[in-house]
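Subject: Structure for you to look at

Hello,

Please find the structure below, followed by notes on what was found in it.

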Amino acid sequence: MRLMKMIDKDCFNSRVTNTSVQKSEKWLGYLIGPSGALLLNAVLASYLNVYYTDVLKLTHIWGGAFLAIFPIISKIIDAITNVIMGQIIEHTRTKQGKARPWLLISAPLMAITGILLFTVPRSSKTVQVIWVMVSYNLFYSFAYTIYNMSHILMVPLSTRDITQRGELSVFNNIAAIMVSGIIVALIFPMVVLPALGVDQNKWITVMSIISILAFPLTLIEYYFTKERITEETAERKQQEIQIKKQLIAVFTDKYWIVIILYYFIYTFGTNLKNISLVYYCNYVLGSYNDGITQTMLSIIGGIPMGIGIFIVWPLAKRFGKRNLTMVGFVLYAIGGIICLINPRNMTVVLIGQFIKNIGGLPSAYIFSALFADVLDHIEWKVNFRVDGLSASVKTIIVTVCYGLSSGLFNILLARAGYIAPVLENGKTIAATQNLATQNAIIFSFLGLEVITALILIILLAFLSVEKVIDKEQAEIRARLEK
């Protein structure tokens, strides 16, 4: 491919040259660099549905079927492109690596398609529906797929050193927590959302700025990451492994199956909570864009996340990543149950959310390191890597879950009788939602995650890869040295 040959030029070389992970790599490649794309994705995950229901007022299009079915169909398309992208990465051969080049390519694509998501023309509902479907798939099924598929492989491909890989995982997740916990959950509800209201012009301006910001930051991620594991085999003849053989390898491995089931259950519950957060704060716990309710929830959630930066990895090294995550989900379930005792009482909900967010620390910061351990385990067992396929399946799970949770939430709103706010004389006027709508929102924000936490505790009991990974990595190194 001509494009890949161009990327092989020296000007596109990684600025990371050391065989060991350095500070610049942690801070620039795994913290600052990813923050642009992660910010854009986090804003979309939390507020794109609000833009569709409240600004464009699409809730009751086709009797509520559009916003229920459209996300599911779009995510099926996204899932297909993830499979294709995973195989493209698996067959990419450049001196820059197999995943990193796609970070570079994704940078301008995300900026352009992110803007298109919001520049929906003021025309008939038919035109708006078509624009929404096309722009949504251009972003998620094309631009963000290219970025995300390569991004999630950077920790597994960075190094075999478990300690360094764990540190990179923490930095990578700090980036996600930082943008979602500070900007999306604090600044947006306190400052941005009250200023935006349901004024489409203001939404376009703000989201265009965020989309453009992702471009230079993604370039930083590209230049300050390095695929050391890919380089280990660069001088050997690359063996092309058939997709059938890769599928047999992953679907016959118990650890791989467990971790994929984990991602499915966890992502579905988390996505439903994230989508319903704004609605919960606007119609159940507080008033519409009051600037304080969502901020209070976010501050309580941010305190454990801030503390967790310093304590979660030392605890994981002592007690094990899997064990710490299981204990976390016990607290997660307890916190959710406390919230459900009185979901309309701020004090009760804040106490429950604080406990819940402490429990969420391990899954937020260290779980991706377990994913990397599982990929090394499969390499030890079958003597070839399945990075692209595994990234494809993981992303498919996340993708489909987002579509399912979006569709479920929107159909719940439509069936319950959700009433969108209106813009009158430059001011946003919100209606009081009926009891059925409020209960649907409460279940989405609080109820489902109690159930998923209990299921995940049982599931993680079978993920014991940490007991064997040191021995298996030593054997892999011995093979490579022959």
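Is D387 buried or exposed? D387 is buried, because its relative accessible area is 0%; buried means under 20% relative accessible area, exposed over 50%, and partly exposed in between, using a 1.4 Å probe and protein chains only.

Before the rest, two notes on reading the values. This is a predicted model, in which local features need pLDDT of at least 70 and side-chain atom pairs count only at pLDDT 80 or more, while totals for chains, interfaces and linings use all residues. Residues are numbered from 1 along each chain as its sequence is written, and side-chain values use heavy atoms, with hydrogens and water left out.

Salt bridges

A salt bridge is a side-chain nitrogen of Lys or Arg within 4 Å of a carboxyl oxygen of Asp or Glu. By this rule there are 18 salt bridges. One of them joins K98 and D387, at 3.2 Å from N to O. This pair links distant parts of the chain: K98 is in the loop between α4 (65-90) and α5 (100-116), and D387 is in helix α18 (residues 387-416), 289 residues apart. Helices are DSSP runs of H or I with at least four residues, numbered from the N terminus. K98 is buried too, with a relative accessible area of 9%.

R385 and E379 also form a salt bridge, at 2.5 Å from N to O. R385 counts as buried at 13% relative accessibility, and E379 counts as buried at 7%. A network of salt bridges links several residues, including K98, D387, R385 and E379.

Helix α2

Helix α2 covers residues 23-32, and its buried residues are E25, K26, G29, Y30 and L31. Seen down the axis of α2, these fall within an arc of 165°, so they line one face of the helix; the arc is that of the directions from the helix axis to the C-beta atoms. K26 forms a salt bridge with E167, with the closest N and O atoms 3.0 Å apart. E167 lies in helix α8 (residues 162-196), 141 residues from K26.

Aromatic rings

There are 29 aromatic pairs in the structure. Rings of Phe, Tyr and Trp (its six-membered ring) pair if their centres lie within 6.5 Å; planes under 30 degrees apart count as stacked, over 60 as edge-to-face and the rest as tilted. Y222 and Y223 form an edge-to-face pair, 4.9 Å centre to centre with 80° between the planes. Y222 is buried, at 0% relative accessibility.

Regards

Definitions and conventions
Helix = DSSP H or I, 4+ residues; strand = E, 2+ residues; numbered from the N terminus.
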